[in-house]
Amino acid sequence: MGNDTKSTIRRAERFQIILIGEGILVGAFAGIVVLLYRVWLEYAGEWLSDILAFARQSPVRMAGWFAVLLVLAWIVAKLVKYEPMISGSGIPQLEGEMTGKLDQVWWKVLPAKFIGGFLCILGGLALGREGPSIQLGAMVGKGVSKGLDRGKTEEKFLLTCGASAGLSAAFHAPLAGVMFSMEEVHKNFSVSVLVSVMSASLTADFMASTVLGMDSVFRFDILKTLPVEYYWMILLLGAALGVMGAFYNWFTLKVQAMYNRAKCLNVTTKIVIPFVCAGILGFTLPEFLGSGHRLIDELTHTDMMIGTILFLLVGRFIFSAVSFGSGAPGGIFFPLLVLGGFIGGAFAAVGIQFFGLDSIYLNNFVLLAMGGFFSAIVRAPLTGIILIFEMTGSLSQMLSLSLVSIVAYVVATLLKSKPIYESLLERLLEKRGKEVYQDQGQKILTEFVVHQGSQVEEMMIGEIRWPDNCLLVAVRRGTDEIIPKGKTKLLVGDVVVTMTDERDMPMVYDQMERLCGEIVGFEDSLNY
């Protein structure tokens, strides 16, 4: 065993202590970056309102604003050409990097994503700040890793810390930041990662809260807990959200594919389309512009008619897909929560008008639909539940929120709708082609949890056909670390630690996920 391998293992033994300090460091830097990003986006939204009010006063000024929008689109396109990894939300790019299939240049992504996201919101595109905030936080983590000269294994931990810090600072939701980074980015819940990620998330939240205050993102009251006799409506809402979530994923990917198939469009002209649409909507239907935060305030504080709710829902649904499909830097995280809220509002309005539902419960259904829609689309129900709780400051809906999220998750799964970020990553990899490393690169330690029903459950290590170019380093069972031997039997909950070269990481990761994951049906991976 070479010196590189020995040093990697020795450093891994002290990960828990080292990573807490590094997590705090990443959280502090990521918190500052995302805080600045969040403040500048708020300025962009305010400036957009002022510009539209000024431009409406004469046709010449309106024409001038369209000219400005074309310039903004040209600048954003230049940024995307300069660094293609800033396109879209950034979460698929991060997931691709975590599995070794993509490699982002942190010092290029950070400024390009920051400026591109700001210009998109200034132009009025229906995009969110949360996906970009996660990517910005992760790139801060990568920058810290490069600055400290850490290895690839440690770098992936710091990427996870940065992603958690980014979501925490963007949403004032430290627990959701931890859960999302573990559930969606890192893909397992090892203790060493959890403690460091929590340190990063809390540090970033402290940085943001110190400047922006402790108020929750959405401010609407839940006056009464939904009575049990209305729980049949929750089940119905969950099923509707599952169907709508599957349709959202299909429609978003369809619009993106239409952009890509149009041979007459290049990077610049693709991005020009939503900017021009935003200009038209700015003078006709400004409610469709931006992330949609103000619409949720109006929905929960005024008596909207069913027709108005449905009109705003459909309009934002379409414009959000047009904005995101163009490849402009910006996310779907916040816009999909707004859409979910309007689905819940429409559902409650129908219940109030036709089924005798008390109007006092409309806000309950808005909140429930946000969590359920997120669960159906992203397929991360725990994150959705915790996120909605932190964003609204309401604990009273935990049971009903869990119920609607589970039903939406199950329905979307039965409809065979893949999680949106997984689908977007596949599209990205198809477009770029899988990157092949020319040398072996560094040694990378990766952890995989043995799930209930996996292929390797209750099997001895010697009976399993492990991936080529993969070294089994250890098996962690609770607090014990077991040296792997041929007769060691793997149990549910065991953490299998592997070492592989950077070059082989994508292939090994995919095979280990098939072996240790819950899906059965890859019998050819075993020796009989």
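In which sense do strand S1 (residues 443–449) and S4 pair, and over how many bridges? I looked it up: S1 and S4 pair in the antiparallel sense, over 7 bridges.

I noted the ground rules next. This is a predicted model, where local features need pLDDT of at least 70, side-chain atom pairs count only at pLDDT 80 or more, and totals for chains, interfaces and linings use all residues. Residues are numbered from 1 along each chain as its sequence is written, and side-chain values use heavy atoms, with hydrogens and water left out.

Entry on pairing. Strands (E, at least two residues) are DSSP runs, numbered from the N terminus. Two strands pair if DSSP finds at least two bridges between them. Phenylalanine 448 has valine 496 in S4 as its bridge partner. Strand S2 (residues 470–477) also pairs with S4 in the antiparallel sense, over 6 bridges. There, alanine 474 stands opposite valine 497 in S4.

Entry on burial. Buried means under 20% relative accessible area, exposed over 50%, partly exposed in between (1.4 Å probe, protein chains only). S4 (residues 495–501) is largely enclosed by the rest of the structure, because 7 of its 7 residues are buried. Val495, Val497, Met499 and Asp501 point one way from S4, and Val496, Thr498 and Thr500 point the other way. In S1, 5 of the 7 residues are buried, so S1 is largely enclosed too.

Entry on cysteines. I counted 0 disulfides, taking a disulfide as a pair of cysteine sulfur atoms within 2.5 Å. Cysteine 470 is buried at 19% relative accessible area. Its closest cysteine sulfur, in cysteine 516, is 9.6 Å away, too far for a bond.

Notes. Helix = DSSP H or I, 4+ residues; strand = E, 2+ residues; numbered from the N terminus.
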